[in-house]
Amino acid sequence: MSKAQGFSVRIFIPSGEPEGLRIIEKSNWNGQGLVFPRAQFAEARQRDELRRTGVYVLWGPGESGQLPRVYVGEGDSVLARLEQHAKQKDFWTHAVVFTSKDQSLNKAHVKHLEARLVQLAAEAKRAELDNGNVPQLPVLSEADAADAEAFLADLLLCLPIVGLTVFEKSKAVGARSRDLILKAKGIEARGQDAAEGFVVRADSLAVKKEVPSIPGNLRELRRVLVKKGVLQDAGTVYRLTQDYTFNSPSEAAGVLLGRSANGRTEWKDAQGRTLKEVQEAQASTS
């Protein structure tokens, strides 16, 4: 597997307020992102960039309280669409808009980007999609499709920088020999502690029966994952149908065990060392 290449991102804050509108530009890319909280939409709508053709993502708390809710859209003038959503959609608290600095994106390009982003979010299953219909890919020439995919690749590198990881399908990238293992109640699961969270491998098992004292957030997250097909009924247990990223080792262990759990002590390596012991050993190694 080739090593990911480094890149630089410039974040400009016109107002001087770090939580306000931010302009994101990546090295060697003709794209540009504008991120802003809904509370500052009145200021953001004055920006000329929003009058360009572009693709955008709205996000906010989901109905379950466990996964964010997102909506993906596009427009010849993004501003016109955002003004509609400001009146008609209540859930979103933040927005990010991507346009091209040289205005090279056209309507077909952004329709392609919209369709691909919705597809990626549906596959990742890390958010509640507010899009009622799944948009279809437009018919593009081979060259235009390649341009749109290249733009998408850079766009996806910028999204985690603003805190959006819902378009990334989880993947345990390390060797299986480095897996941490959880065994209890007749189930076994394997996972890895990663930069984006704790990634549990596909085919890991989870208990079906929850203890009465399970915290509400874990109960609701289990329900959501069953509904999305991430946890699949496998008789007396659930089976994980894909690699999946949890916010922490404890959340992962709690979902799999159906109870509160300290992930730093529940997850162990092949030698029987807990994650806590592994991390402490790594921290003390020069």
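Two strands are taken to pair if DSSP finds at least two bridges between them. Helices (H or I, at least four residues) and strands (E, at least two) are DSSP runs, numbered from the N terminus. The structure is a predicted model, in which local features need pLDDT of at least 70, side-chain atom pairs count only at pLDDT 80 or more, and totals for chains, interfaces and linings use all residues. Residues are numbered from 1 along each chain as its sequence is written, and side-chain values use heavy atoms, with hydrogens and water left out.

The secondary structure of the protein chain comprises eight helices and 14 strands. The radius of gyration, taken over C-alpha atoms, is compared with a globule rule of 2.2 Å times the number of residues to the power 0.38. For the protein chain the radius is 21 Å, close to the 19 Å that the rule gives for 286 residues, so the chain is as compact as a globular protein of that length. Along the principal axes, the C-alpha atoms fill a box of roughly 55 × 45 × 40 Å. Residues are classed by relative accessible area (buried under 20%, exposed over 50%, partly exposed in between; 1.4 Å probe, protein chains only). By this criterion, 46% of the 286 residues of the protein chain count as buried.

Arg22 has Val35, in strand 3, as its bridge partner. Leu21 lies in the loop between strand 1 and strand 2; with a relative accessibility of 10%, Leu21 counts as buried. The C-alpha atom of Leu21 is separated by 37 Å from that of Arg264, 243 residues apart along the chain.

Asp76 occupies the loop between strand 5 (68–75) and helix 2 (78–88), and is partly exposed at a relative accessible area of 47%. A separation of 50 Å is found between the C-alpha atoms of Asp76 and Trp267, which are 191 residues apart along the chain. Gln103 belongs to the loop between strand 6 (94–100) and helix 3 and counts as exposed, with 58% relative accessibility. Phi of Gln103 is near 55°, a positive value in a residue other than glycine.

A further open sheet consists of four strands in the order 8-9-10-14, with antiparallel pairing. Strand 8 (180–184) and strand 14 (244–246) stand at its edges with a single partner strand each, so one side of each is left without a neighbour in the sheet. The twist averages 35° from one strand to the next, where axes are lines fitted to C-alpha atoms, for helices over the stretch in contact, and angles run from 0 to 180 degrees between N-to-C directions.

Five bridges link strand 8 to strand 9 (residues 187–194) in the antiparallel sense, and Lys183 has Glu188 of strand 9 as its bridge partner. The loop between these two strands contains Lys185, for which phi is near 55°, a positive value in a residue other than glycine. Strand 9 and strand 10 (residues 197–200) run antiparallel and are joined by four bridges; together they form a hairpin with two residues between them. Here Asp193 is bridged to Phe198 in strand 10. Strand 10 in turn pairs with strand 14 over three bridges, in the antiparallel sense, and Phe198 stands opposite Phe246 in strand 14.

Pockets were identified on a 1 Å grid over the protein atoms alone, a pocket being an open set of points where a 1.4 Å probe fits, with protein on both sides within 12 Å along at least five of seven lines; lining residues have an atom within 4 Å of a point. The largest pocket holds about 1,200 Å³ of space. Of its 37 lining residues, Lys171, Val173, Ala194, Ala195 and Glu196 are the closest to the centre. Helix 3 (107–124), helix 4 (142–158), strand 9 and helix 8 (275–284) are the elements that give two or more residues to the lining. Helix 8 gives the most, with four residues.

Technical notes. Points joined across faces, edges and corners; volume = space filled by probe spheres on them.
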